[in-house]
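Hi,

Here is the structure I promised to pass on. Have a look at it first, and then read my notes below.

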Amino acid sequence: MPSKKTAINTEGNLEIEKKPSEKTVSAAEAAEKPAKKKTAVKKAAAPAEGAEKPVKKTAAKKAAAPAEAAEKPVKKTTAKKVAAPAEDAEKPVKKTAAKKAAALPEDAEKAPAKKAAPKKSAKKAPANEEKKAEPVAAPAETPAVVAEEPVSVVAAPEAAESTSAAEELPQPRRSVAFIGSECYPFVKTGGLGDVMYALPRALTKQNCDVKVILPRYKCIPWKYQEKMVYRGEFYMDLCADGRSFYVGIMEYVWDGVVYDFIDNEEFFSAGNPYISLVDDIPKYCFFAKAALAALNYMNWIPDVIHCHDWQAALVPVYLRTLFAGTPIGGAKTMLTIHNLRFQGVFNIPTIRYWTGLPDYVFNIDVFKQGRDDANMLKAGLAYADMITTVSDTYAGEIQTPFFGENLDGHLRHHSYKLRGIVNGIDVELWDSSKDELLALPYGRADALARKKENKRALQEHLGLEQDDGKLVLGLISRLTNQKGLDLVTSILPSLIDGNTQVVVLGTGDARYEDAFRWFENEYKGSVCSNIMYDESRAHAIYAGADALLVPSLFEPCGLTQLIAMRYGTIPIVRETGGLKDTVQPYNEYTDEGNGFTFDRYEAGLLLDAVNRAKTVYFTERERWDEMVLRDMDKDVSWDNSAKQYRALYLELKP
Ligand code: ADP
């Protein structure tokens, strides 16, 4: 069989001679041939003046001094990483969903390695790699080189349903590429990771063919890395001076969703996905462009590319500029804001250098912010065909100065294409009746009794006084200003009344971590502060607590209140963003509602809401118990929201 020839030229366009899948090899096989790959890289990197001097520079340094960096050689392949990831991958990773992930390998193992069939050596590097690193990207207006092969939307293998199942699915079928920076169980630091896991799975039930594109961080546990199959590699121009970077694609198919990991050791080898902007800006410039180039390379042209947060916000910009004439250029884009606070803002020269985008996009309507800065999210919002955010209320809030994080004007300008769809949770993952991380799993029928057992187990485990008559308030959160923790710390002494216990789980700002540690020490037996990220402890708290505090200053959607309700734990929330949309306030006259709420951001109002909850808990337990069951009955699944996303995809691609 002739060796496969693929190349991505300076515009990120694809030149293909054979289908990439034909050269699929396993990670292990790829690992055997690092030397040859490296040689190829060296040649590919040759055009840069400094390329002969392979000095590894940190991304941080480069971000700080793009001009200088431009002269330095490009750091090369991930061959080494492929060869020996086990060591690093097995190290405990801060903030990954390690424990819960441990409960999943069964499913994971079911993942058919369908694309691994024709095993070939990774050594068969394309012979024409030298020509890939041609310098200088052409501006958008330049007609791009289009793949010579006919382009088709290639459905993922799981697309093939049985005829009867297919008949029940809504028609027509739509293909969607998700692009984002984290996804449970591979890597998760917050709600985005949950959504990237659960929404694609829900969409497969809505007749969507979904491919999720993620960075292949080194911190992804080895048990997933070892199941990835090599899907291909190429070199891609990135920066303003046309520096060439290695892009590897590793694939993992699981439960009807195809995960493609963009591989590059230089950008993705830190222990945590997010480090600091100085590192993250180049990393996500690379990621956005590489994701599009990978879709072209794989010849997988979806109807819609669904991007998430600032880390993927450059995708719509690249698509309509450097990739405009390429196969992927025909796709529509949706950009979802999971949290407007994070936008990817840095000085213009740095972002201009790393993106390699044409000068004309660095204007006030696209990238430019203030006098000297470029804002990656702002640019993505300008170019996306559709903007969504994760609740209706937040969609309105972000158009106001208070919540708008300096983009309220920009969002008002683009409001014609802005929609709000509330998140759901994966109800199979979050299922108290099957949750192996609980002391005693429970369903609706035995919830009232078994929640008490879980409470006692939690109290015992955390060194709290064991008494199921006490009200246990949980708090599971990043410990940052957003989460209303100044309200919590200011009322905490008033909460501890001899009948109430507080359990905190979170990491974040030192001031809150220290404050909660202090409270634990001060109120031994009544307060327990777990300053850590721990999935299994989160599950135990959702099950063992009576109520969960979510008093956020702002909350785009919030997942903890949804998980709490699913576990029969009553949320106490501030009426903002998704908290307002998902928690109906308890009405003592009609006995309706799911939780206790307050509106203005004031400590006294939070205390009042907790006191209202206490009154019902201690004096009208039957009503409390009914609310527990009502919350467990509430539909917090993705079904409804996935239908709404599907409807928007169809709006974009009828
Ligand atoms: P955000 O994305 O703003 O952090 P969300 O409520 O949308 O908040 O999502 C938080 C997710 O992270 C939930 O799944 C929650 O259970 C989880 N989580 C937050 N902190 C921790 C922690 N310290 N340990 C385990 N899980 C946590």
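A word on terms before anything else: two strands count as paired if DSSP finds at least two bridges between them. Also bear in mind that this is a predicted model.

β12 is joined by 2 bridges to strand β13, residues 373-375, and the two run antiparallel.

Now for the ligand. What surrounds it? The shell holds 20 residues, and the closest are Gly191, Asp194, Arg478, Lys483 and Tyr542. By type, the shell residues split into 8 nonpolar, 6 polar and 6 charged.

Some polar atoms to look at:
- A ligand oxygen atom lies 2.6 Å from a polar backbone atom of glycine 191.
- An oxygen atom of the ligand is 2.7 Å from an N or O atom in the side chain of arginine 478.
- A ligand nitrogen atom is 2.9 Å from a polar backbone atom of methionine 532.

On its own the ligand has 560 Å² of accessible area, and the protein covers 93% of that. The elements giving two or more residues to the shell are α10 (191-204), α22 (535-544) and α23 (560-566). The largest share, 3 residues, is from α22.

Most residues other than glycine have a negative phi, and most peptide bonds are trans. Against that background, the bond from glutamine 171 to proline 172 is cis, with omega near -5°; proline 172 sits in the loop between α9 (163-168) and β4 (174-179). Another cis peptide bond joins tyrosine 184 and proline 185, where omega is about 0°, and proline 185 is in the loop between β4 and α10. Asparagine 207, in the loop between α10 and β5 (208-215), has a positive phi, near 60°.

Happy to go through any of this with you.

Cheers

Notes: Residues are numbered from 1 along each chain as its sequence is written. This is a predicted model: local features need pLDDT of at least 70, side-chain atom pairs count only at pLDDT 80 or more; totals for chains, interfaces and linings use all residues. Side-chain values use heavy atoms; hydrogens and water are left out. A residue is near a molecule or strand if one of its heavy atoms lies within 4 Å of it. A polar contact is a pair of N or O atoms within 3.5 Å; within protein, one must be able to donate a hydrogen and the other to accept it, and residues adjacent in sequence count only if both atoms are side-chain atoms. Accessible areas come from the Shrake-Rupley method with a 1.4 Å probe; for residues, only the protein chains shown count as cover. Helices (H or I, at least four residues) and strands (E, at least two) are DSSP runs, numbered from the N terminus. Ala, Val, Leu, Ile, Met, Phe, Trp, Tyr, Cys and Pro count as nonpolar, Asp, Glu, Lys and Arg as charged, and the others, Gly among them, as polar.
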